[in-house]
Amino acid sequence: MDSNGNKEIEIGKIIKLLIKKSWILILFVIITTGTSAIYNHFSKPTPLYQTSASLLIQDSASIINTLQVFVKEPPVMEAVIKELELQRSMEGLANQISVQTVQDSQIVKIYVTDSDPYRSAEIANTTAKVFKEQVASTLNFDTIEILYPAVVKENQAPINPESNRLIKIGMVLGAILGIGFIFLLDSLDNKIRSERDIENLLEIPVLGTISKYKKKTLIANKEKKVESYVRGDVNESKIS
C-alpha cells in the first residue's frame, strides 16, 4: 500500500478514535468553559465611563501646551475636590483626568473617566470652570472659553465593555486538552485489535487469521449439524 493509502488509514483511525472518545472531549470543554465563565463573572472589571469638556484657548501652540499642564496642578484639583466634595486625593483625581489638543487647533479637551457617567461629566465641567478661573486669577490669562460642556449620552456605553474572550479561550483550551488526553489514553492502550496492529508491532506480514468463536456459537453450530444429520442432510463424519 502506498504512502497515501497509509495516510488515509491513519486519518480514518484518528477520526474514529475521536468519535469513539468524544465524551472525553465534551467533558473537557464543559469543565474548562464553565470554569472560565465563572472566573470571568467574578473578575469582570468595574464599568468605566468617559466624558469631556471642550475649551477654546486663543493663543499660540506653546502657550496652549503650557496651560494644558496647569489643568492637573494642585490648585485646580484641590478646588474641584472641595467644590464637588469628592472623597479622593488630588493625585487620584488627577489620574482620572487627561488633557488633549484637538488636531493642533486651539481647542483643548478635558477628559474624565469615572465609574459613574454623571459624576464624570460633573468633574469635567467643574474642572474646566475652575481651570478657567485659576488661570485668570493666577496667570492673568482670560482668553479661555468653555466651548462645549461635558454631557452624558443616552445609554452611554462604558469604555471597557465586558468581554467573552476568556470564555472562548477556555473553550479552545478544553478542546485541545480533551484531544490530547484522548491521544494519551490511546498511546497507553497496548491492546491488539487488528491485523495491522500485529504487523506494526512485529514488522512481519500476517499470513492468516483464526476466527474467534464463542462457546454458545460452537454449541449452536453443532446442534444444527446434528439436526441436519437426523434429517439425513449430512453424514456422521461432518458432525464432530
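The exercises below treat the fold, the aromatic pairs and selected residues of a predicted model.

Residues are numbered from 1 along each chain as its sequence is written. In this predicted model local features need pLDDT of at least 70, side-chain atom pairs count only at pLDDT 80 or more, totals for chains, interfaces and linings use all residues, and side-chain values use heavy atoms, with hydrogens and water left out.

**Exercise 1. Overall form**

Solution: 
1. The secondary structure comes to nine helices and four strands. Helices (H or I, at least four residues) and strands (E, at least two) are DSSP runs, numbered from the N terminus.
2. Their order along the sequence is α-α-β-α-α-α-β-β-α-β-α-α-α.
3. The C-alpha trace spans about 130 × 40 × 30 Å along its principal axes.
4. Of the 240 residues, 25% count as buried. Buried means under 20% relative accessible area, exposed over 50%, and partly exposed in between (1.4 Å probe, protein chains only).

**Exercise 2. The aromatic pairs**

Solution: 
1. Rings of Phe, Tyr and Trp (its six-membered ring) pair if their centres lie within 6.5 Å; planes under 30 degrees apart count as stacked, over 60 as edge-to-face and the rest as tilted.
2. Phe28 belongs to helix α2 (residues 22–42) and Phe181 to helix α7 (residues 165–188), so the pair links distant parts of the chain, 153 residues apart.
3. Phe28 is partly exposed at 24% relative accessibility, and Phe181 is partly exposed at 33%.
4. In the other pair, Phe70 and Phe131 have ring centres 6.4 Å apart and planes at 50 degrees, so this pair is also tilted.
5. Phe70 lies in helix α3 (residues 61–70) and Phe131 in helix α6 (residues 117–138), so the pair ties together parts 61 residues apart in sequence.
6. Phe70 is buried at 15% relative accessible area, and Phe131 is buried at 1%.

**Exercise 3. Positive phi**

Task: Say where Asp104 and Asn140 are found, and whether each is buried or exposed.

Solution: 
1. Asp104 is not a glycine, yet has a positive phi of about 55 degrees.
2. Asp104 sits in the loop between β2 (97–101) and β3 (107–114), and is exposed, with a relative accessible area of 79%.
3. Asn140, likewise a residue other than glycine, has a positive phi near 55 degrees.
4. Asn140 is placed in the loop between α6 and β4 (144–148), and is exposed at 68%.

**Exercise 4. The surroundings of Asp197**

Task: Find which residues Asp197 touches, not counting those up to four places away in sequence.

Solution: 
1. Asp197 is in helix α8 (residues 195–202) and is partly exposed, with a relative accessible area of 21%.
2. Contact means heavy atoms within 4.5 Å.
3. With residues up to four places away left out, Asp197 touches Lys13, Lys191 and Ile192.
4. The C-alpha atoms of Asp197 and Gln103 are separated by 72 Å, and these residues are 94 apart along the chain.
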